[in-house]
Structure formats: structure tokens, C-alpha cells
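Colleague: Hi! Could you walk me through this one? I'd like to look at it piece by piece.

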Amino acid sequence: MVVRQEQQRAQSPGGLQQTVRLFTSPSDMAKEGTEIAEETEQMIDQKEPDNPVSAVVDSKEMRAVLLTGFGGLNKLKVTKKPMPEPQRGEVKIRVKACGLNFLDLMVRQGNIDNPPKTPLVPGFECAGIVESVGENTKGFEIGDRVMAFVNYSAWAEVVCTPLDFVHKIPDDMTFPEAAAFSMNFVAAYMMLFEVANLREGMSVLVHSAGGAVGQAVAQLCSTVPNVTVFGTASPFKHEAIQHSVTHLFDRNIDYVPEVKKISPDGVDIVLDCLCGENTGKGLTLLKPMGTYILYGSSNMVTGETKSFFSFAKSWWQVEKVNPIKLYEENKVIAGFSLLNLLFKQGGCNQVKAAVQKLLSLYDQKKIKPVVDSLWALEEVKEAMQRIHDRGNIGKLILDVEKSPTPLMANDSTETSEAGEEEEEQEEDNDNKERMPFIQ
């Protein structure tokens, strides 16, 4: 079969020229993903300067991504904001790279519990260079290379965050790798080793195996002898990630009988970022003494804007858990939210311990963050759409120093009429889907 990839120039309703790729088969998408990954590796290698300490920019303003309200992509724009200064116990970081997660998409939609007030700067993780420290801030010096957790406001040129959320990074770790490391590897590590107590010979089922958390889970499982990893992912990702898991299934099929063909007794650990009907399936697959962990609910996202129908459907499909049944079957059900643990429940010391163990594994070359692609701040809409469409293998990174492509620059700094029309259409039809939007 001859496979063709065509490129056309299209005119948007707002008058902006766009490049549209037409694929004739799913293998084209996999090929494009491979090409993007190769380009990304080259860009990461070129981004690291010989001297990591950048000159301090003499300015009172900074560029930042602003979420003006909850809704579609047109609610995002790049703007100038006053530069923050570190308060007592805080570290000021000149940001080089920021992580983009599926959770950021849900925040944009307002599809989370107790959403913050807008306007706000999104983002929960970044990597960069310490530019200054506040009073009573020990352990960090100007010029230190660090990664940090931030309670919003990470998608900016400069952030200030408490020192308990900041961690030094190895000299050979790039800033994009560091931005891909913190949330995903820490979440994967704590779920596997501290909640589920992963040991030799156990089996793990992980959904969205091609995403950043899924790839982190696969790598961490490989550090324990004889662990069997079952993964689900979109078919076009299979070729790229098949080496990282033991058994890989199409996310669109009923994976329960497929898993039981291989392991009739089921699995020891289920890591579920989907929720909905997958909760019941996961509990069904658990062996006695097994642990099911819910750490996301991306099945609630089926369009560009928040959908009450999708929320209700996902809630209705969740199997109602009977504690007596759990007792009788010797099964454990748990939840995990890294950000709540950090910012609401005082779990800094637990996270610090996990980070140190992970950095040791990194130094031993046993784990390495998978970076899907680098995007300029002005390309945040396109980057978010890539997650929306499940196009990423590994982590998407906002590279603060990257120059945007001309076709994308104007679209993210100014709201277009086309964006307004698209959002209205989404609100009129809650069932409208481009593709299932799973990380």
C-alpha cells in the first residue's frame, strides 16, 4: 500500500493561514511522531549553553501564558506581567522549560474540583536557574540549576516558589528533561512503591502507556526484577512504545479478557488515569491483595470545553464500591493526587525523599524522561491540542527561550473570532468529539 502525506495551506475564518497535514493512514501519525521526537532530541541537545548561568534580565516585566477564563483554547494568550520577587523562604527561578500535563487541560476547562479564579497563569512544574532567594532561604545559591513544583504560575519566564518545592538537578540533566521529570516520575514512583508496594514478580496494568506518566511507570517497573507490565494505548503509538511494556493493547478494545488470557488470575496493581467504566474493569482484574489506584479522570474530557454530559456519563459509569465486597475479596482501592499531597496536605518531606531516590536512579542511567516535543510559549494552544488529540509520546514541554513559528505566534497572543465560534459550537453540542482526548 502506498502511503501519502499531503500538506495544504488553508484559510481560517479569522483570516490566518494554517498548515494542514492530511494523513492517509494511522502509520503516518506514528511516522510524524518519530520525526518530532528526533527533532526534539536535536533541539534539547542544542539548548544547553556551556555556561548555565544566564545574565539577569534588567526588566520589571516578564512574558507569561494567561488563562483569561475557563473554556476553549481561545482563553489562552501570552502577555506581559509584573515580575515576581521572592518572599521570605522563597526561591526566584529564571524559567527555561515548563511541563504541560493533561491536568492543565482540565484546569483550562474548569473541569476540576474548586477551580481557582481567573485570570491566572497555569502550570505546576518548571525547570531553570536560581536568580535570587528571599530571606531565611538556605540550601540554594544564585546560579543553581533546579526543577520546581509551583501552585499555578509555572508558565512564565520567572517564578517564585517556597524552597520546599525546589530541587537541584544533576549537571547532565537538561532543562526539558527536568521539566518532564518532577510531576510524572514522582507520581509514578509514589504510586508504585509507596501506595502499591511494588515487589519482584508482580504485575501492573497502566492506562495511557504512551503518556508521560505511563512511560515513567514502565521505566520504574523495569528497575524491579520480573515485573510484568500490561499497557493500553492508541494503536498508532504501539510501534514506538512496545519495547517499554510486556504486553500492549489497543485502548479501544475490551482489554479485560485479553489480560486474563495471559494472566487468568488478573494483576497485582492497576493504575487508572481514565476513571468511568475503567474503574469497574480495574477492580475486576485485581488479584487478591491487589491495589487499584485512581490518579486522574480524563474520560470526563470529550471536547474543547467542559461538558456536563461527559461528566455525568463518567460519574454514572463508575462502579459503586462496596466496602464489604472489598473486605471479602481482599482488594485495596486508593487514590493519589501529587499536587494535593504537596500543596494541601503537607507532604513535602515524602516528595523530597521520592525525588532523591529518583535522582539516584537517573544517575545510574536506569530512568530517563521521555520528551515528546518542545513548544514556545506562544505555541501553547497547539501544544495543548496535541495532548487533547492524544498525539504525544512522553512529555510536552514549553520551552521559554524557543521562538514560535510565524503561523502560531499571532494566534496565541490574540483571541481570534474563529476561536470564539468554535467554543460556541462546542457548548451547543456536548457530544462533539474530535478524538477521545486521553493523555
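Modeller: Happy to! Keep in mind that this is a predicted model. Let's start with strand 7, residues 145-149.

Colleague: Okay, is strand 7 enclosed or open?

Modeller: Strand 7 is largely enclosed by the rest of the structure, because 5 of its 5 residues are buried. Buried here means under 20% relative accessible area.

Colleague: And which residues sit on each side of strand 7?

Modeller: Arg 145, Met 147 and Phe 149 are on one side, with Val 146 and Ala 148 on the other. Both faces are covered. In a regular strand, side chains alternate between the two faces of the sheet.

Colleague: Nice. Which strands does strand 7 pair with?

Modeller: One partner is strand 6 (residues 125-133), which pairs with strand 7 in the antiparallel sense over 5 bridges. Strand 9 (residues 166-168) also pairs with strand 7 in the antiparallel sense, over 3 bridges.

Colleague: Where can I see those pairings residue by residue?

Modeller: Look at Met 147, the bridge partner of Ala 127. Then find Ala 148, which stands opposite Val 166 in strand 9.

Colleague: Switching topic: how many residues are in the largest nonpolar core?

Modeller: That core has 108 residues, and Trp 155, Leu 271 and Leu 338 have the most contacts inside it. Helix 4 gives the most to this core, with 9 residues. There is also a second, separate core of 12 residues, including Phe 230 and Val 256. In soluble globular proteins, nonpolar side chains tend to be buried together.

Colleague: What does Trp 155 touch?

Modeller: Leaving out residues up to four places away in sequence, Trp 155 touches Ala 64, Cys 98, Asp 104 and Met 384, among others.

Colleague: How many cavities of 30 Å³ or more are there?

Modeller: The count comes to 2. The second largest cavity holds about 50 Å³ of space.

Colleague: What lines the second largest cavity?

Modeller: Its lining includes Ala 180, Phe 185, Gln 215 and Lys 368. Helix 4 (182-195) and helix 5 (212-221) are the elements that give two or more residues to that lining. Helix 5 gives the most, with 4 residues. By type, the lining residues are 6 nonpolar, 4 polar and 2 charged.

Colleague: Last one: is Ala 353 buried or partly exposed?

Modeller: Ala 353 counts as partly exposed, because its relative accessibility is 35%. You'll find Ala 353 in helix 12, residues 348-363. Its C-alpha atom is separated by 10.0 Å from that of Met 190, 163 residues apart along the chain.

Terms used. Residues numbered from 1 in each chain as written. Predicted model: local features only at pLDDT ≥ 70, side-chain atom pairs only at ≥ 80, totals over all residues. Heavy atoms only, no water. 1 Å grid on protein atoms, 1.4 Å probe; cavity = no way out; pocket = protein on both sides within 12 Å on 5 of 7 lines; lining within 4 Å. Points joined across faces, edges and corners; volume = space filled by probe spheres on them. Nonpolar A, V, L, I, M, F, W, Y, C, P; charged D, E, K, R; others polar. Buried < 20%, exposed > 50% of the residue type's maximum accessible area, 1.4 Å probe, protein only. Pairing = 2+ DSSP bridges. Core = buried A, V, L, I, M, F, W, Y, C linked by side-chain atoms within 4.5 Å. Contact = heavy atoms within 4.5 Å.
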